[in-house]
Amino acid sequence: MPQMQIADDGRLRHLLTLDGLDRPRIEALLDHAAQLRSLWRAGAPLPQLLQRRTVVNLFFEASTRTRTSFELAAGRLGATVVNFDIASSSTSKGETLEDTLATLEAMDSDAFVVRHKENGTPARLAAHARRAAVLNAGDGNQAHPTQGLLDLLTLRDHKGRIDGLKVAICGDIRHSRVARSDVHGLRALGAAEIRLCGPDALLPDADEFPGCSLSHDIDAAIEGVDAIVMLRIQKERIEHLPGVDEAEYFARFGLDRRRLARARADAIVMHPGPMNRGIEIAADVADGAQSVILEQVANGIFVRMAALAALPGR
Ligand code: NCD
């Protein structure tokens, strides 16, 4: 994935992962997102960077935030957006995904935003695309690059930088593409410490996350951090889900006010959504003064604008 998303001329050809994207490229995307956000918030017209482009949302998995914000991002920059309806499409008649892509590409589609439960599906489609760009909107537990970017932008807004930050990511790390993309982005921008925390069964293999610490003690993981990213238990990705006692999980791994007090006083609380209140996060923390969860949502639109604009078009 890291190689195939960069074209021979060094430009971004697809956006499949933050793994291997260098700091200047990530910072340029964040800067562009912030610039578009300033225009939007000032009520100024947005540059119609995607005029004449067609963006197709291909979501094979449920989504609220990601799909809607890609649609709004593309539309507000002048693109035509197609929300491809998979349930009523020919993929349900046995057409391969590659043929679906080729068909939509023949209609002069320029970008495909792909979410799929199988790792590597966006890369597979990218390999098959003739001219169109593929944006990964989440594949299996592998990558969710625009979520990584919006998390970086939100962190940078609050802390002024990513360099030197201490970040705890807590919950179901093993099944989380968000955790993987966050770690790639945080590393590229110089975070000092990344602490991964969750129950043993939901922690990843250590060799997959070199340079991160792994623990099942959330109190220790939160101590002194600048930011906490909470993740839900991604039940649909767990093959043999042991019975989870939700009250017990909350008691051991949930972020409540008492635990949050262990972080720096100015620490921010993040969550990619969907949230399960009372399981991984207390409602008063989710809605509290340190929560930036809805800012993450708002930033999602601007990083998706920047990502779409960075890809080749007509
Ligand atoms: C996440 C996802 O789908 O990977 N949500 C999102 O895109 N904001 C996280 C999750 O499903 O828990």
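Biologist: In this predicted model, is Ser291 buried or exposed?
Modeller: The cut-off for buried is under 20% relative accessible area. Ser291 has a relative accessible area of 15%. So Ser291 is buried.

Biologist: What does Ser291 touch, not counting residues up to four places away in sequence?
Modeller: Contact here means heavy atoms within 4.5 Å. With those sequence neighbours set aside, Ser291 touches Val269, Val285 and Ala286.

Biologist: Which strands stand at the edges of the open sheet of 5 strands?
Modeller: The order is β7-β6-β5-β8-β9, with parallel pairing. An edge strand has a single partner, so one side of it is left without a neighbour in the sheet. Those strands are β7 (213–215) and β9 (268–270).

Biologist: Which residue of β8 is the bridge partner of Ile169?
Modeller: Strand β5 covers residues 166–170, and strand β8 covers residues 227–230. They pair in the parallel sense over 4 bridges. In β8, the partner of Ile169 is Val229.

Biologist: How much area do domain 1 and domain 2 bury between them?
Modeller: The assignment gives domain 1 (23–143 + 300–310) and domain 2 (145–297). The contact takes 26 residues from domain 1 and 25 residues from domain 2. Carbon and sulfur atoms carry 57% of the buried area. The total is about 2,100 Å².

Key. Residues numbered from 1 in each chain as written. Predicted model: local features only at pLDDT ≥ 70, side-chain atom pairs only at ≥ 80, totals over all residues. Heavy atoms only, no water. Pairing = 2+ DSSP bridges. Helix = DSSP H or I, 4+ residues; strand = E, 2+ residues; numbered from the N terminus. Buried < 20%, exposed > 50% of the residue type's maximum accessible area, 1.4 Å probe, protein only. Domains from an automatic or database assignment. Buried area = accessible area lost by both parts, 1.4 Å probe.
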